[in-house]
Each structure stands twice: as structure tokens, then as C-alpha cells.
Amino acid sequence: MAVIQTIERKKDTGYRVVYRNKDTGKMASRIFDDEVKARTFKDFLEANGSSLKAATEVKRIHDKRMPRVHEIVTSHIDQLTKPQTGTIKRYRNHNAGHIIGSTLGNMAIDKVTKQHVIDWMAGLRAVKGSNKPIGSELSQRTKKNIHALLSSAFDTAVEEGKMAKNVAKGIGDPDKGEAREAVYLSLEDLQIIEDAMPDQYKLFIRVLAKTGLRYNEATALRKRDIRVEGKRCIIMITRAWKSTDDGEQIGPPKTEMAKRNVTCSLELSADLIEHMKDLRPGELIFTRPDGEFLRNSYFHKYTWQPVINKLVEDGDLDEKPWIHEIRKAHTTHLLQAGVPVSVVQARLGHEDPQTTLKIYARLANDDDQKAADALG
């Protein structure tokens, strides 16, 4: 019968398996750094009459049959039904880009340790098809999302009895000290960004800034979605681009509240009317130069990122905003101008007015000073 002895070492704890080797008739031992591996070795010995030769051969066959990490993740994704199809597609992309083909992804699941997961996360980089240069550092948020997929897959494997425990749990918690602060964009900042854009996209940025439309709503707009009443344009939001397993497709907006009409200023209306004059009713308002759909990843990689990097490098902007922060800036500017919360909520298509107020609370950086000055 084999016995496991605990060894207290200077820096950690070791585990010695002591047994009588049936092949030689002599006492023998083997030391492991991990208790699970020590117990696995002990179990294999005892199941094979304490013959090291037989146990080693059986374990070799066992290891060969053990599922790999990428297989566990793929199986986990295949079982999902709750997330939207766009979310499942994102999971498959994470698996293809960061797990399949990686050292961790090709490991047998019973050999994976926390350190393996930590090393894998430290090596995560942008891959082909992302909106960043290949090999560049991923954001903390993206790393967290990729890790969450792995950890959920390990949870499923534990439930199915394929893994003893989830060694990825707790590793991907974000560093609260590194959380990204929201970037406030003043009206002047928005004008600087618009001016720096290629002519093809100046009106696109202006529409985002002056209407608060979501990116996937603005890029789904057709000429027939803009009603002209006299000199005023009213944008009717009834559809938006969505990611599906079959690629980008048009669907309804994010929520019922997102189905709304957004009135444009007279100045913006004039710009839109001029832009639309040669378009057919079913044509998209904003496209790539080749007429194709203005995919977020394409615009971010080839236009937004280079323009913003240059503006920060030249000192015209202090920080690098996300394109969605144009929408948040629109919210803040309306509330600062005294527009009622209910009106702003309806214009932005927020389900809950608290969403509107939370954006304002995070980004309004001069109202506290006004409050102090009001009391002299």
C-alpha cells in the first residue's frame, strides 16, 4: 500500500509517495510539488498492484485519452443556449484566437495548474481579426472576458466530473487600481476629433456627437430611416447591427426603449439633407469608401485609433477616449444644459433613468465647483 507524506520545505510544501515496487521488491518513493498529482500517482500504483511499470503504462494511456483544455472550452460553448448568438460567436473567437493552439489549450485538463493559467493570461496578446495591431497588449477588460470563458468552461468540467477543481477561479479578477477611468469629452474635444477625421467620416462623428446614437444604430441608418419635416430631420431608430454566428446582421435595437425618434438640430439637419440628396431610400447613410457596412472593428482599427493616437501624441487631447464615450458626452452635455433627465433618457433610449444619471455622475467634472460657488 502506498503512503503520502507531507514534506515542509523552505519555500513550499512537497508530497512524497512511499511504496513497495512490486517489480523490484524494494521500497521506493517519488516526490511531487502538487498534492493532487501525488494522490493520482498513488491511486494508479494501488490500482495496478504497486507495479510502477504497469502504473506508468496505464497512466500514459489515460493521459492520452484525457480531453485537452481547448476541447473542454469548445464543449462548454457548444452547450450554451442562454447568451445571444453574438455572445456565443465572441466566445468562439476567444477560443480560436487565445486557447486553441496555445500551450495551455493543448494541455490535458488533469495537468493544468493555477500557474499555467497565470502564465497563459500574462501572454495574451491581440490576434488577427481584432481591432488592435497583432501582438499588442490586450486591455484588462478583454483579458478578464477571455479568462471568464476559460473559468466557466472549467466549472462545467468540474460539474461533469472531468476535473477535480477549477484552477482558473479567482485568477482573472481585475486589478482595481488599474481600472480605466471614463474619459470626459468637452464640446471642444468633440470638434477636435471631428476636424481630425477623414472627410468620409466627419459627418458620421458629428451625428454621433449631436444625437447620442449608439455606433451600431448609426451605421444601420438608411435614407428612409430619416424623416424630413420642413428643414428638420428626425432619425427613426428601428434597427441596429448585431453580431451573430453567421456574421453581422441587421436586427432590432438593443431594447424596446431603444426604438425611438431622435430629433436633429437645424444645422445637423441641413448637413444630413445635403449628404442624402443622391442616396436611394434603402441605401446606408454611412459606409466605408468602398460602400460596405462600416464595421466597428474596421473603423476602430483603420480610422479611430490612428486619429486618436495622433491627437494625443500632438497634445490636442489629454487621454484616449473610446468611441462610445461620444454618446456619454452627449448625455452629459444635455444634462449640464438643463435638459430634464426624462427627456435625455428617452433621447438616448435608456431603459432606466439611473443609467442616464450614472453617466452624468461619472463625467460631469465641473458641477461640484459650481455648487461650491453657488454658496459663495
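Two worked exercises follow, on a predicted model.

**Exercise 1. Describe how helix H7 packs with helix H8.**

Solution. 

Step 1. Know what to report. Two packed helices are described by the angle between their axes and the distance between the axes.

Step 2. Read the geometry. H7 covers residues 187–196 and H8 covers residues 199–211. They pack at an angle of about 160°, and their axes lie 8 Å apart.

Step 3. Classify the angle. Angles over 145 degrees count as roughly antiparallel. H7 is therefore roughly antiparallel to H8.

Step 4. H7 and H8 cross in a right-handed sense.

Step 5. List the contact. H7 contributes Leu 190, Ile 193, Glu 194, Asp 195 and Ala 196. H8 contributes Lys 202, Ile 205, Arg 206 and Ala 209.

Step 6. Sort by class. The contact of H7 with H8 has five nonpolar and four charged residues, and no polar ones.

**Exercise 2. Work out the strand order of the open sheet, and say which strands stand at the edges.**

Solution. 

Step 1. Recall the pairing rule. Strands of a sheet pair through backbone hydrogen bonds, either parallel or antiparallel.

Step 2. Set the order. Three strands form the sheet as S4-S5-S8, with antiparallel pairing.

Step 3. Find the edges. S4 (226–229) and S8 (260–263) each have a single partner strand, so one side of each has no neighbour in the sheet.

Step 4. From one strand to the next, the twist averages 25°.

Step 5. Check one pair. S5 (residues 232–237) and S8 run antiparallel and are joined by four bridges. Opposite Ile 234 stands Thr 263 in S8.

Technical notes:
Residues are numbered from 1 along each chain as its sequence is written. This is a predicted model: local features need pLDDT of at least 70, side-chain atom pairs count only at pLDDT 80 or more; totals for chains, interfaces and linings use all residues. Side-chain values use heavy atoms; hydrogens and water are left out. Axes are lines fitted to C-alpha atoms, for helices over the stretch in contact, and angles run from 0 to 180 degrees between N-to-C directions. Helices (H or I, at least four residues) and strands (E, at least two) are DSSP runs, numbered from the N terminus. Angles under 35 degrees count as roughly parallel, over 145 as roughly antiparallel, 65 to 115 as roughly perpendicular and the rest as oblique. A crossing is left-handed if the near helix is turned anticlockwise from the far one by less than a right angle, and right-handed if clockwise. Contact means heavy atoms within 4.5 Å. Ala, Val, Leu, Ile, Met, Phe, Trp, Tyr, Cys and Pro count as nonpolar, Asp, Glu, Lys and Arg as charged, and the others, Gly among them, as polar. Two strands pair if DSSP finds at least two bridges between them.
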